[in-house]
Amino acid sequence: MVELDERSWCDAIDMYEPRATIAKVTSREHENWVLDLSTLIRGDTCDARGWRTVDIWEGELERLDEPSYPFVMPPEAVATADAWKPYLHEIPRSQAVRFLVALSTPWIDVTKEPDFEERREGLEVKARVILSRFPQGSHFYANTGHGSDTRDYYQRVSQWYPFSVRTFDFGLVLVSETEVGMVWSFR
């Protein structure tokens, strides 16, 4: 297992650099972690540890005009932060590894990756580094609908709750006692 530090973190989230992805972590400031997720979505925060983030829209005009771009808040989520929770389903750590790997692929579909089996082990190592920032007792939430906890993320994912103006958006929210993170990929 690779030890978590700033360098290993940077190397791990580098797998999202070629994708239309937002990958970042903030300090957990609220008992209700959904409020911290909203902070991440609006881009109102830097990494909790000062480590690298990936945000394809950072500094872009769309973000300057609308701080939450490309995310669109569901109307009910504007009224109360808890309204986000029905769109996010908890998954176990083992599923989170696979989902993080899938989020790094061009189509968010490993079945379309011709060299996936050759790259799989390296991608899983990077996913485990990301997860190591969130110790045992942390929770992971996917926007892939009911059955997310048993879904095989190495197969095509065809169900999700959209959070953005993009055609497809798949994301994972990572929640510990001290930090909240997200890895969100778009097509």
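Please keep in mind that the model is predicted.

Let's start with the sheet. Strands of a sheet pair through backbone hydrogen bonds, either parallel or antiparallel. Here, six strands form an open sheet with antiparallel pairing, and their order is β2-β1-β6-β5-β4-β3. At the edges sit β2 (54–55) and β3 (89–91), each of which pairs on one side only. Further in, β1 and β6 are joined in the antiparallel sense over eight bridges. To find your way along this pairing, look for Ser27, whose bridge partner in β6 is Glu179.

Now bring in the helices. Helix α2, residues 33–42, lies across β1, β4 (139–142), β5 (169–175) and β6, and runs at about 50° to β6. Helix α5, residues 93–103, lies across β1, β3, β4, β5 and β6, and its angle to β5 is about 140°.

Next come the empty spaces. Rolling a probe the size of a water molecule over the atoms shows where empty space is left. The structure has one cavity of 30 Å³ or more, and the volume of the largest cavity is about 40 Å³. Which elements each supply at least two residues of its lining? They are α1 (6–13), β1 (20–27) and β6 (179–186). Among the lining residues you will find Trp9, Ile13, Val25, Phe134 and Met182. By class, the lining of this cavity has nine nonpolar residues, one polar and one charged. Lys24 is also part of the cavity lining.

Lys24 turns up again in the largest pocket, where Lys24, Gly43, Thr45, Asp55 and Glu58 lie nearest the centre among the 14 lining residues. The pocket holds about 210 Å³ of space. How does its lining divide by class, and what are the counts? There are three nonpolar, five polar and six charged residues.

Finally, go back to Trp9, which you met in the cavity lining. A pair of aromatic rings is described by the distance of the centres and the angle of the planes. Counting rings whose centres lie within 6.5 Å, the structure comes to 13 aromatic pairs. In one of them, the ring centres of Trp9 and Trp51 are 6.2 Å apart and the planes are at 45°, so this pair is tilted. The pair links distant parts of the chain, with Trp9 in helix α1 and Trp51 in the loop between α2 and β2, 42 residues apart.

Key. Residues numbered from 1 in each chain as written. Predicted model: local features only at pLDDT ≥ 70, side-chain atom pairs only at ≥ 80, totals over all residues. Heavy atoms only, no water. 1 Å grid on protein atoms, 1.4 Å probe; cavity = no way out; pocket = protein on both sides within 12 Å on 5 of 7 lines; lining within 4 Å. Points joined across faces, edges and corners; volume = space filled by probe spheres on them. Helix = DSSP H or I, 4+ residues; strand = E, 2+ residues; numbered from the N terminus. Nonpolar A, V, L, I, M, F, W, Y, C, P; charged D, E, K, R; others polar. Pairing = 2+ DSSP bridges. Contact = heavy atoms within 4.5 Å. Axes fitted to C-alpha atoms, helices over the stretch in contact; angles between N-to-C directions. Phe/Tyr/Trp six-rings, centres within 6.5 Å; stacked < 30°, edge-to-face > 60°.
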